[in-house]
Amino acid sequence: MPRFAANLAFLFTERPLLERFAAAAAAGFKAVELQFPYDHAPAAIKAELERHGLTMLGLNTAPGQQRSGRLASGESGVAAIPGCEQEFAALFAQALDYVVAIGGCQIHCLAGKVPPEQRPAAERTFIANLARAADRAAGKGITLLIEPINPRDRPDYFLTRAEHAADIIAKVGRDNVRIQFDFYHAQIVGGDLITRFEKHFPVVGHVQIAAVPSRHEPDEGEINHPAIFAALDRIGYRNWIGCEYRPRARTEDGLGWARQYGVLPLA
């Protein structure tokens, strides 16, 4: 049976971040993932995790400085942007210290937005940055994740396809660099989800879900999520599945889809 984690950047956002841990536990989640918790002291996050008995998965490297033109801005990151190597090193060090302090196990390294003419240089930059970061993380038992993100939601993002991510990982050559396989993004970019997941399964480190095209609860739209979950069991995926969707209304009111998978509210 699949195990689901609440992405607290998307779920329970009716509450301040530090109150979302209690809400996730009360709704029946046993694990959580974050994106950018850096405004809060690690000790405050860890206290909430321990108070509610939650497993901490991962977080993102911080977005980086705002930039003009078609380069990195907003939530896009800098790991693949030529000339930003020192900035990425600093952002990764921040993420590594933070995730270790809160007891997490993975860091999603945001690649950034790159115009077409910079892509060959960006690939070299991304590979070199990931190799250095992976070596730093290995001694602390931390996995690095890279996530293909669809260009409809994030135009010019460097990494859009699982196939490209797998090729990058092969070139990095580090066992602790893996794909964050988000079925939402993968459906928008290529579809053929089960076959593509099975092909890349050896280098998948984490899975996320949301409905397509709405990005709401995984009980509508183009993706047959029960078939996906059954396939994950068959293929042998045993890690958590991150719920990175935007609830249609109050988070708790949309969790009916998860009851059959053991996400049950506490009595």
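Predicted model: local features only at pLDDT ≥ 70, side-chain atom pairs only at ≥ 80, totals over all residues.
**Sheet**

An open sheet is built from 9 strands, and the pairing is parallel. The strand order is β3-β2-β1-β9-β8-β7-β6-β5-β4. At the edges lie β3 (55-56) and β4, each of which pairs on one side only. Strand β1 (residues 3-7) pairs with strand β2 (residues 31-33) in the parallel sense, over 3 bridges. Within this pair, Ala6 has Val32 of β2 as its bridge partner.

**Helices on the sheet**

**Largest pocket**

The volume of the largest pocket is about 390 Å³. Its lining comprises 28 residues, and those nearest the pocket centre are Phe10, Gln35, Arg154, Arg215 and Glu244. By class, the lining residues of this pocket are 10 nonpolar, 10 polar and 8 charged.

Which strands and which helix each supply at least two residues of the lining? The strands are β4 (58-60), β5 (106-108) and β8 (204-209), and the helix is α6 (183-188). Of these contributors to the pocket lining, β4 is also an edge strand of the sheet. In the strand order, β5 stands next to β4, while β8 stands between β9 and β7.

Definitions and conventions:
Residues numbered from 1 in each chain as written. Heavy atoms only, no water. 1 Å grid on protein atoms, 1.4 Å probe; cavity = no way out; pocket = protein on both sides within 12 Å on 5 of 7 lines; lining within 4 Å. Points joined across faces, edges and corners; volume = space filled by probe spheres on them. Helix = DSSP H or I, 4+ residues; strand = E, 2+ residues; numbered from the N terminus. Nonpolar A, V, L, I, M, F, W, Y, C, P; charged D, E, K, R; others polar. Pairing = 2+ DSSP bridges.
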